[in-house]
Amino acid sequence: MTKTKREVARRPASAAIPSGWEYAPAPESRDIVRVNESYGLYIGGGFVEPLSNERYTTIDPAREEPLSEIAQAGKADVDRAVKSAREAYAERWSNLRPSERAKYLFRIARLLQERSREFAVLESLNGGKPIRESRDVDLPLAAAHFFYYAGWADKLEYAFPNRTPRPIGVAGQIIPWNFPLLMLAWKIAPALAAGNTVVLKPAETTPLSALLFCDVVRQAELPPGVVNIVTGDGRTGAELVSHPDVDKIAFTGSTEVGKAIARTLAGTGKRLTLELGGKAANIIFDDAALDQAVEGIVNGIYFNQGHVCCAGSRLFVQESIYETVMAKLKRRMRTLRVGDPLDKNTDVGAINSKQQLDKIGALVQSGIDEGAEIYQPPCKLPERGYWFVPTVFTNVAQSYRIAQEEIFGPVLSVLTFRTPDEAIEKANNTPYGLSAGVWTEKGSRILAMAQGLRAGVVWANTYNRFDPASPFGGYKESGFGREGGRHGLEPYVQLDGE
Ligand code: NAI
Ligand code: MG
């Protein structure tokens, strides 16, 4: 039987919900955060009305309900923001004593910690991710990034010994919707620590945490114009990229847009870093601790609904343990709780947008059409909102679209291998090169695999682990440049001899 797209995307509740105790609802209260009816653009230390006079509605993807009216910044708005950043750069920030810059960053970090519950609820409300993740991952990591780079602000000459690091100017930063506040932190913290000022554009579907961040900037008494936030869709992003007075662009998002940005900037002398898509291999050897590995598989692909650039979306299982791993994985998938992002027991939340849901549905349909075998656990989905049941495909050929293209949803493709060399060859058979996972008891094998895998990050016996001190970034079509760690300062400094 061929399933229609709709049947796959919204499988009706089945009678076969696992037996046992049901969880009672445990919703986090959304009262802790106040969402304004509408927002302007944050330019020069305050909110201003958009000169474009255009707005759009941002929604809660779990309920398909409007949350707020957001400004769609036009060319003149972007220009205003860049001017404000330029003035702040020249007059208030680049020449400030580095230890003073550090103080502001420490303040921001502490404020994020103090207001973390508020931010976590807002992140889940606007983006659809489970509160458990925004509370335990996004917020602590965002604060940690500011703490980390605050520490570097007055130690830059130790990061680049004998190279006299200087700031580069105004940075234009464009971020995606999967980790809105965390990506903001990855971008803003190193830029400011190195003495630059920024104009940041959040993704159109998830602007709210960046707009709440403006209030943190206010509380921290950051000098006006050091951080400017312009909202809007890709058109606003394109205006920022092509603005002549921006010195550096940092982009995280799709490979398609990354390529377009690279074309626009070619020959301009502007600096560019790109953090793009991925199709990571998560490789399980027969000597791995299998229950732990199964947790790693689940965390690798179902974390944040699979809206993760480094998601372990291709699972490579050594042939001898294939049946065992699949049985354990399917059993584990049946316990995943899909639903209200604000419920503290939810494992998998809402898909971020209708557009993304359609993309996932189309790719899953292609998997079925090409001949892969689909498994989805019984699962009761809410009536409204954008949802996708955690999905695993077996009988996948390497040429299938589901094994080649980034799905960016809770969809796993399983392949097998016999030898380490075969695993490396298959894992590297992708235009991407962002991350990989290796599960084995053998230390020497971990090192050999890490050598052979063309991926910016290789996790061993864990997955999706982040630390501000550790650089992150890709090879090939996953982009270039590193964020995090000392490496993450490099794109934001000019060095003697450059
Ligand atoms: P996108 O690349 O269009 O959006 C990312 C950011 O770029 C947003 O802020 C957007 O407004 C901005 N943007 C869009 N067009 C632009 C342009 N021409 N110039 C400058 N900025 C522009 O990604 P989209 O359309 O939301 O998602 C499509 C696919 O991209 C996803 O299904 C996923 O596969 C991939 N993606 C990967 C991400 C990653 O973290 N690597 C993040 C988001 C999406
Ligand atoms: Mg797009």
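**View 1. Helix α9 gives the largest share of the shell around ligand 1, with 4 residues.** Helices here are DSSP runs of H or I with at least four residues, strands are runs of E with at least two, and both are numbered from the N terminus. This is a predicted model, in which local features need pLDDT of at least 70, side-chain atom pairs count only at pLDDT 80 or more, and totals for chains, interfaces and linings use all residues. Residues are numbered from 1 along each chain as its sequence is written, while chains are lettered from A and ligands numbered from 1 in the order in which they are written. In total, 25 residues surround ligand 1, and the closest are Gly-234, Gly-237, Gly-253, Ser-254 and Cys-309; being near means that a C-beta atom, placed from the backbone, lies within 6 Å. The elements giving two or more residues to this shell are α9 (234-242), α10 (255-265) and α13 (354-370).

View 2. By type, the shell splits into 12 nonpolar, 8 polar and 5 charged residues. Here Ala, Val, Leu, Ile, Met, Phe, Trp, Tyr, Cys and Pro count as nonpolar, Asp, Glu, Lys and Arg as charged, and the others, Gly among them, as polar.

**View 3. Leu-105 is among the residues with the most contacts inside the largest nonpolar core.** That core has 90 residues, and Leu-112, Phe-146 and Ala-193 are also on the most-contacts list. A core is a set of buried Ala, Val, Leu, Ile, Met, Phe, Trp, Tyr and Cys residues joined through C-beta atoms within 7 Å; buried means 20 or more other C-beta atoms within 10 Å, exposed 12 or fewer, and partly exposed in between, with C-beta atoms placed from the backbone. Helix α7 (residues 180-193) supplies the largest share of this core, 11 residues. A second, separate core of 66 residues includes Leu-329, Phe-388, Phe-393 and Val-457.

**View 4. β3 and β4 make a hairpin with 4 residues between them.** The two strands, with β4 at residues 65-71, pair in the antiparallel sense over 6 bridges; pairing takes at least two DSSP bridges. Tyr-56 stands opposite Ile-70 in β4. In the turn, Glu-64 has a positive phi of about 55 degrees. Asn-53, in the loop between β2 (46-48) and β3 (55-60), also shows a positive phi, about 65 degrees, although it is not a glycine. Asn-53 counts as exposed, with 10 C-beta neighbours inside 10 Å.
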